[in-house]
Amino acid sequence: MEKIKIRQQGFLNDFLRCGVTGWCLEIMFTSVDSMLTQDWRLMGRTSLLMFPIYGLGAILGPVGRWADRWLDKGIWECGISIKDQLLRHGMLDMVLIFCGEYLFGTFLRSLGICPWDYAGRPTNINGLIRLDFAPLWFLTGLLFEWMSSKSPIRLRAFRRYAADR
């Protein structure tokens, strides 16, 4: 029972971290539009609805660990390089973020409250996702994973750093 409480607390902390980080990233990203129009107030924007969506980035670490165990036949760190692990996790995270963005966008649009609309933009799919955002979601997924309390990427980097000392 105590172990479950600790896991729930860890997930809640990761959820809050990812939610706040996602908000901040979105505000910084949307303020780039201000630069392009030479509005030097650099106004960025987001929606309160985005906090729980970004917060779900906390599941990327556990999903990545599960994928590692499944792909490596249950043997932790069976020789995959950190570079290959970053590529594997980044691609998986990117696909999961695209799926989440599409599903949540469809749901929120059905309620008439979707805070984004990419219609008219190149590479959009149904106005809900933009494929040209793939590199951003790749890096954001890795960032969210790294921020997670039990991130395999973070643990490997720490072990490598400790071994070099």
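## Overall architecture

The secondary structure of the protein comprises six helices and two strands, where helices (H or I, at least four residues) and strands (E, at least two) are DSSP runs numbered from the N terminus. Along the sequence, these elements follow the pattern α-α-α-α-β-β-α-α. The structure is a predicted model, in which local features need pLDDT of at least 70 and side-chain atom pairs count only at pLDDT 80 or more, whereas totals for chains, interfaces and linings use all residues. Residues are numbered from 1 along each chain as its sequence is written, and side-chain values use heavy atoms, with hydrogens and water left out.

Of the 165 residues of the protein, 37% count as buried; buried denotes under 20% relative accessible area, exposed over 50%, and partly exposed the range in between (1.4 Å probe, protein chains only). Among contacts between residues at least 6 apart in sequence, 63% join residues at least 24 apart, a contact being defined by heavy atoms within 4.5 Å.

## Model confidence

The mean pLDDT of the protein is 87, and 81% of the residues score at least 70; pLDDT is the predictor's confidence in each residue, from 0 to 100. Where pLDDT is low, the predicted coordinates should not be read in detail.

## Helix α4

Helix α4 covers residues 82–110, and its 29 residues should span 42 Å at 1.5 Å a residue; the end C-alpha atoms are 41 Å apart, which agrees with that expectation. The expected span is 1.5 Å times one less than the number of residues in the helix. Buried positions in α4 include Ile82, Gln85, His89, Gly90, Asp93, Met94, Ile97 and Phe98. Further along α4, Gly100, Glu101, Gly105 and Leu108 are also buried. Just after this helix, Gly112 adopts a positive phi of about 75 degrees.

## Packing of α3 against α4

The axes of helix α3 (residues 60–71) and α4 come within 10 Å and cross at roughly 125 degrees. Axes are lines fitted to C-alpha atoms, for helices over the stretch in contact, and angles run from 0 to 180 degrees between N-to-C directions. The two helices are therefore oblique to each other: angles under 35 degrees count as roughly parallel, over 145 as roughly antiparallel, 65 to 115 as roughly perpendicular, and the rest as oblique. The crossing of α3 and α4 is right-handed, meaning that the near helix is turned clockwise from the far one by less than a right angle. On the α3 side, the contact is made by Leu60, Val63, Gly64, Arg65, Ala67, Asp68 and Leu71; on the α4 side, by Gln85, Arg88, His89, Leu92, Asp93, Leu96 and Ile97.

Asp68 lies in α3 and counts as buried because its relative accessibility is 2%. Asp68 and His89 are 21 residues apart in sequence, with a C-alpha to C-alpha separation of 8.8 Å.

## Packing of α4 against α5

The axes of α4 and helix α5 (residues 134–147) come within 8 Å and cross at roughly 110 degrees. This angle makes α4 roughly perpendicular to α5. Residues of α4 in the contact include Leu86, Leu87, His89, Gly90, Met91, Asp93, Met94, Ile97, Phe98 and Glu101, and α5 contributes Ala134, Trp137, Phe138, Gly141, Leu142 and Glu145.

Helix α5 has 14 residues and reaches 20 Å from its first C-alpha to its last, close to the 20 Å expected at 1.5 Å a residue. Its buried residues are Ala134, Trp137, Phe138, Thr140, Gly141, Leu142, Phe144, Glu145 and Met147.

## Thr30 in helix α1

Thr30 is located in helix α1 (residues 2–36) and, at 11% relative accessibility, counts as buried. Leaving aside residues up to four places away in sequence, Thr30 touches Met43, Gly44 and Arg45. Thr30 and Leu42 are 12 residues apart in sequence and 8.6 Å apart in space, C-alpha to C-alpha.

## Loop residues with positive phi

Thr123 is placed in the loop between α4 and β1 (124–125). Its phi is near 65 degrees, a positive value in a residue other than glycine, and a relative accessible area of 39% makes Thr123 partly exposed.

Asn126 is placed in the loop between β1 and β2. Phi of Asn126 is near 55 degrees, likewise a positive value in a residue other than glycine, and this residue counts as partly exposed at 48% relative accessibility.
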